[in-house]
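Here are a few notes to read alongside the model. Please keep the structure open and check each point as you go.

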Amino acid sequence: MSAFTNSFASSLLASSILISGVTPVVAQYSCPSREIQSVHEVGDLKFELQGCQRSGKKVTCSAWVTNTSKDSRGWVMLDTTRLVDTSGEQYKSSLINVINSYRAPLSLVKDVPIKISATFMDVPTSVQDIALFEIDTSIFVSEYKGQLRNIKITESKIGTSPSPIKKKK
């Protein structure tokens with residue numbers, strides 16, 4: 001369809017709606033329900049904790065980041081995103097996962113949450129509580145640190161195999 005035809009069709013549809021008195025219905029986007037454990041807002045960014053899960057000495061923490069202002073681009077900083085346990089020990093992230101891509105670029109659309117996961121290696125299995133999960137981001141030239149606090153680490157259910165099913169004789 002040509003641009004003229006497309007434009008004409010849109011104008012015709014708009015005119016027929018106005019003439020008929022029908023009120024058009026506009027669909028609104030809504031996110032699936034998410035379980036939020038902790039929220040921190042800094043500048044135009046809102047950080048919402050999804051949780052932290054352990055698999056051995058590896059701990060992965062996930063959060064949603066939402067820009068409440070305008071669309072923007074930035075970075076999640078791998079080397080300064082960190083966990084601090086309740087004894088004051090710090091752990092640097094070894095991997096950042098943004099939008100199912102193991103890269104740190106961040107593209108934020110106004111009011112659309114983006115999931116970020118950070119993986120921390122060599123966290124002792126005795127550590128069960130996190131005092132601080134700090135996500136370090138840089139949007140344009142401004143730095144924002146999402147600080148999510150008082151987190152309980154849960155055991156990951158991924159990788160555990162179910163009990164084998166025995167055949168009945």
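1. Asp122 sits in the loop between strand 9 and strand 10 (129–139). This is a predicted model. In it, Asp122 has a positive phi of about 60°, although it is not a glycine. Most residues other than glycine have a negative phi. Is Asp122 buried or exposed? Its relative accessibility is 59%, so Asp122 counts as exposed.

2. Now look at Asp111. Its place is the loop between strand 8 (105–108) and strand 9 (114–120). Phi of Asp111 is near 65°, again a positive value in a residue other than glycine. Asp111 counts as partly exposed because its relative accessibility is 44%, and that class runs between 20% and 50%.

3. Why does Ser156 count as buried? Its relative accessibility is 16%, and the cut-off for buried is under 20%. Which residues does Ser156 touch, leaving aside those up to four places away in sequence? They are Gln53, Arg54 and Ser55.

4. A word on confidence. The chain has a mean pLDDT of 78, and 69% of its residues reach 70 or more. Residues 1–32 have pLDDT below 50. Beyond near neighbours in sequence, that stretch has four contacts in the model.

5. Where pLDDT is low, the predicted coordinates should not be read in detail.

Methods:
Residues are numbered from 1 along each chain as its sequence is written. This is a predicted model: local features need pLDDT of at least 70, side-chain atom pairs count only at pLDDT 80 or more; totals for chains, interfaces and linings use all residues. Side-chain values use heavy atoms; hydrogens and water are left out. pLDDT is the predictor's confidence in each residue, from 0 to 100. Contact means heavy atoms within 4.5 Å. Buried means under 20% relative accessible area, exposed over 50%, partly exposed in between (1.4 Å probe, protein chains only). Helices (H or I, at least four residues) and strands (E, at least two) are DSSP runs, numbered from the N terminus.
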